[in-house]
Amino acid sequence: VALKVHTFGIGAWVGKKASRSWKAIALAAGITAAGFAPLIFVKATTPVIVFLVCIGITGVAESFRSVSITPVAQQELDKKDLGVGTSLITFTNTFSSLVAAAISGVVFDSQKGNIQAGYSRVVLISVIIAAIGLVLTLLFIRPGYKEQKAN
């Protein structure tokens, strides 16, 4: 319930100004990287609370992602293309999960017999991809919003 209320608050914040969408996208990527980073260094003695907190943090990142991507697409698309655009977002989200699971499985399995190393490598890849997403947002998406604002 608390996460749904939080998501609604984020959605309202983004929805009030379309120019905030890039900030929500950047926050989604940055929070994901920050939330997963401590999990790179997990050991057998790591308390379970560390996992719960880090995964909870990434749940907040998912809220930012979900309330930023769809409204941006709806804002940019013509009315006749909204259904197709929204479907494409759903497809991409599902497909990206499948690709991530496949890649994570290969990376995890490459550490034959060393579960800790496999897990750490999978998390490291997640942090790297999230950091790349943050950089791409700052370098490409943010300037586009600044350019739209200037026009």
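**Surface, fold and main pocket of a predicted helical chain**

The accessible surface of the protein chain is about 9,700 Å², and carbon and sulfur atoms hold 71% of that area. The model is predicted. Of its 151 residues, 25% count as buried.

The secondary structure consists of 5 helices and 0 strands, which gives the pattern α-α-α-α-α when read along the sequence. Among contacts in the chain with a separation of 6 or more, 68% join residues 24 or more positions apart.

The average pLDDT is 85, and 87% of the residues score at least 70. Helix H1, residues 2–16, has the lowest mean pLDDT of the elements, at 59, while H4 has the highest, at 93. Over residues 1–5 the pLDDT stays under 50, and the model has 2 contacts beyond four places in sequence for this stretch. Where pLDDT is low, the predicted coordinates should not be read in detail.

The largest pocket has a volume of about 1,100 Å³. Its lining comprises 30 residues, and those nearest the pocket centre are Glu62, Arg65, Asn93, Ser96 and Ile129. By class, the lining residues are 17 nonpolar, 11 polar and 2 charged.

Which helices supply the lining of the largest pocket? At least two residues each come from H2 (21–36), H3 (48–76), H4 (82–109) and H5 (115–150). H4 gives the most, with 11 residues; H4 is also the element with the highest mean pLDDT.

Key: Residues numbered from 1 in each chain as written. Predicted model: local features only at pLDDT ≥ 70, side-chain atom pairs only at ≥ 80, totals over all residues. Heavy atoms only, no water. 1 Å grid on protein atoms, 1.4 Å probe; cavity = no way out; pocket = protein on both sides within 12 Å on 5 of 7 lines; lining within 4 Å. Points joined across faces, edges and corners; volume = space filled by probe spheres on them. Helix = DSSP H or I, 4+ residues; strand = E, 2+ residues; numbered from the N terminus. Nonpolar A, V, L, I, M, F, W, Y, C, P; charged D, E, K, R; others polar. pLDDT = per-residue confidence, 0-100. Contact = heavy atoms within 4.5 Å. Buried < 20%, exposed > 50% of the residue type's maximum accessible area, 1.4 Å probe, protein only. Areas by Shrake-Rupley, 256 points an atom, 1.4 Å probe, with all protein chains shown as cover.
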